[in-house]
Amino acid sequence: MHESSPSAPVGPLPLEPREVEAIWGGDTLVRRFGKRGDPKATIGESWECWDDDRVAGGAFAGATIAALRERLGARLLGRLDPTRLFPLLTKFIDARLALSVQVHPDDAYARRVEGQPNGKTECWYVLSADPAAELVLGWARATSREEYLTRVADGSLGDLLRRVPVQAGQAFYLPAGTLHAIGPGIVLYEVQQTSDLTYRIFDWNRLGADGKPRALHVEKAADVLDYHAGTAGALRSLEYRDGALQRTALVADAHFVFERIAVGADGGTFDLGELPLVVTALDAGIELRTESERLALAPYATALVPAGARRCSVRATEGETLILTSAPDANGVALRARLSESGTSRETVERFFAQFA
């Protein structure tokens, strides 16, 4: 690849994640997933793809995604606006202990109140879970702003929390406004809008690293919470064939499409559809190959495939494995086209998309 040529294709970009210590984290991300950091520290998150991540190797080594947005424009982002933050943030999360009970604002509230470009809708894919592991996901029954504030004040909020058991391989969708918390003993992969706006409601009476309780955001949370009874559970995924690839659509909403893909030694090819693609290997290594380059990706590592590559092939280097992919495919336009080409019935497609309406 010749970076000096403005039209030269850009190959897959291996990313250097950011590890984040947290009082609720563990050692899985370092000891099992091979992330950098002190294995004795409590590493809660590994930010696999976000705007400030640096490229780990190749001609663009050391450059951040933010810098490459300006430098490469459409070669990196296709039809996305290069002046805006890269729209996706993907993470591994190791919840050795429970995370705080919290909620995220939607785009309108984030712009009006926080002066930020967007709020935070997210989804989770469970990689492992202890036998009794569970999530807090919404309210056990319908409530109101007034009851919520009263129960926060008198300490009885826990009576209204809806708890959902989880198992490895399940996916969950959390639109902005959803009350939630990851329970202890869960390791998962998260795809979200690029935002760190989090309103904590309850933090299990813990102290932060400074010996003081972490800040709560009770009033702002009250503004954005959905007070209806929670009904959401594990999502109904949609399996389909795309050429040689067996794909499983997990989430498709107004912000992103998230999929799990089975990959063998023979592999298959993605059509990028003028959008960048985030690819994360799971328990075995893979090789990504575009017209200009090939990249060996280690287990639990992530790469960003530029939109300008147009097509990218993938194959497993150690037998068979699963990978996770996410793309800023708003409302699943490209996904719908793939499903149509695969022969999936319209009724099946609409039933899947109805989960994110």
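Is Cys123 buried or exposed, and what is its relative accessible area? In this predicted model, Cys123 is buried, with a relative accessible area of 0%.

**Cysteines and Asp53**

Cys49 also counts as buried, at 0% relative accessibility. A disulfide is a covalent bond between the sulfur atoms of two cysteines. The whole structure was searched for such bonds, and zero disulfides were found. Cys49 takes part in none, and the nearest cysteine sulfur, that of Cys123, is 14 Å away. Seen from Cys123, the closest cysteine sulfur is the one in Cys49, and at 14 Å the separation is too far for a bond. The cut-off for a disulfide is a sulfur pair within 2.5 Å.

The backbone nitrogen of Cys49 has a polar neighbour: a polar atom of the Asp53 side chain lies 3.3 Å from this nitrogen. Asp53 sits in the loop between β3 (43-49) and β4 (54-55). Asp53 is buried yet has no salt bridge. The nearest side chain of opposite charge belongs to Arg18, 7.3 Å away, while a salt bridge requires nitrogen and oxygen within 4 Å.

**The six-stranded sheet**

Six strands make up an open sheet in the order β2-β3-β5-β12-β7-β10, with antiparallel pairing. At its edges are β2 (18-26) and β10 (171-174), each of which pairs on one side only. Neighbouring strands of this sheet are turned against each other by 25° on average, direction ignored. Within the sheet, β5 (residues 88-95) pairs with β12 (residues 186-193) in the antiparallel sense over eight bridges. Asp94 stands opposite Val187 in β12.

**The four-stranded sheet**

A further open sheet has four strands in the order β17-β22-β19-β20, and its pairing is antiparallel. The edge strands, β17 (268-271) and β20 (294-297), each pair on one side only. The twist from one strand to the next averages 25°. Strands β19 (residues 286-289) and β22 (residues 311-316) run antiparallel and are joined by four bridges.

Leu288 belongs to strand β19, and its bridge partner in β22 is Val314. Leu288 is buried, with a relative accessible area of 0%. Which distances separate Leu288 and Pro12 in sequence and in space? They are 276 residues apart in sequence, and their C-alpha atoms are 7.0 Å apart.

**Salt bridges**

The count comes to 24 salt bridges. The table gives some of them.

| Salt bridge | Closest N to O distance |
|---|---|
| Arg315 and Glu287 | 3.2 Å |

Glu114 is partly exposed, with a relative accessible area of 22%, and Lys220 is partly exposed at 32%.

Arg315 forms a salt bridge with Glu287. Because Arg315 lies in strand β22 and Glu287 in strand β19, the pair ties together parts that are 28 residues apart in sequence. Arg315 counts as partly exposed at 32% relative accessibility, whereas Glu287 counts as buried at 13%.

Asp159 counts as exposed, at 60% relative accessibility, and Arg151 counts as buried, at 17%. Both belong to a network of salt bridges that links Arg141, Glu147, Arg151 and Asp159.

Definitions and conventions
Residues numbered from 1 in each chain as written. Predicted model: local features only at pLDDT ≥ 70, side-chain atom pairs only at ≥ 80, totals over all residues. Heavy atoms only, no water. Pairing = 2+ DSSP bridges. Helix = DSSP H or I, 4+ residues; strand = E, 2+ residues; numbered from the N terminus. Axes fitted to C-alpha atoms, helices over the stretch in contact; angles between N-to-C directions. Buried < 20%, exposed > 50% of the residue type's maximum accessible area, 1.4 Å probe, protein only. Lys, Arg positive; Asp, Glu negative; His and termini not counted. Polar contact = N/O pair within 3.5 Å; in protein donor to acceptor, adjacent residues only side chain to side chain.
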